[in-house]
Amino acid sequence: MEGEYQLAQKLSEPIVTPSVKNCTGHDEYITLERLRTELGAKEADKICDICLELYKTCYEQALQNNIIIADTKFEFGYDENGTLILGDEIFTPDSSRFWSPADYQIGVSPRSYDKQFVRDWLIEHKLNGVTPAPELPEKIVNATANIYKECYRKITGKKEKAVPENGSGKGRGLL
């Protein structure tokens, strides 16, 4: 990536940063060259083109609805016939970083509508990366559910009822 960028600064053009699942099940970043070597240049370029087209299209749509899609991930694989398939959800708070344009400022971590809220709580409580994952307090679960619902409302324009943050609501099935 050329140029110097500050925190949260938009890149001049979207980029693809490929990764593979390593033997422990975690993402391991790889170079585009390695992707081309392992899949062949034509297949790797096809995947990159799909990623960029999906991102650009959805970025514009989300921006019209007051959401910035800062980044996202796509998981591809092959079915039993060797056909390339998209293997997981896309453009959800679990697979993307969604930011509020109203709060967006270069150099500052923007308000987000994604799982960053949970990550921040885990880091604050020194639980990030702990295995097995700790059970989250109901207040954090409900607050996260409300963030996801707010994101849903902004993107779709549909109304969802918020989960009470006082611990009286159920929200576990929403995450």
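**Salt bridges and a buried glutamate in a predicted model**

D71 is partly exposed, with a relative accessible area of 32%; partly exposed means between the limits for buried (under 20% relative accessible area) and exposed (over 50%), found with a 1.4 Å probe and protein chains only. The model is predicted, so local features need pLDDT of at least 70 and side-chain atom pairs count only at pLDDT 80 or more, while totals for chains, interfaces and linings use all residues. Residues are numbered from 1 along each chain as its sequence is written, and side-chain values use heavy atoms, with hydrogens and water left out.

D71 forms a salt bridge with R97, and the closest N and O atoms are 3.0 Å apart. D71 lies in strand β3 (residues 68-72) and R97 in strand β6 (residues 96-99), so the pair ties together parts that are 26 residues apart in sequence. A salt bridge is a side-chain nitrogen of Lys or Arg within 4 Å of a carboxyl oxygen of Asp or Glu; helices (H or I, at least four residues) and strands (E, at least two) are DSSP runs, numbered from the N terminus. R97 is partly exposed at 33% relative accessible area.

The structure holds eight salt bridges. Among them is the pair E33 and R36, with closest N and O atoms 3.7 Å apart. Both residues lie in helix α1 (residues 32-39), three residues apart, about one turn of the helix. E33 counts as exposed at 53% relative accessibility, whereas R36 is partly exposed at 26%. R34 forms a salt bridge with E28 at 3.4 Å between the closest N and O atoms, and E28, R34 and E38 are linked in a network of salt bridges.

E43, in helix α2 (residues 41-64), is buried yet has no salt bridge. The nearest side chain of opposite charge, K46, is 4.4 Å away; Lys and Arg count as positive and Asp and Glu as negative, with His and the chain ends not counted. The side chain of E43 makes a polar contact with the side chain of Y78 at 2.8 Å. A polar contact is a pair of N or O atoms within 3.5 Å; within protein, one must be able to donate a hydrogen and the other to accept it, and residues adjacent in sequence count only if both atoms are side-chain atoms.

The protein as a whole comes to four helices and six strands, in the order β-β-α-α-β-β-β-β-α-α along the sequence. Of its 175 residues, 26% count as buried.
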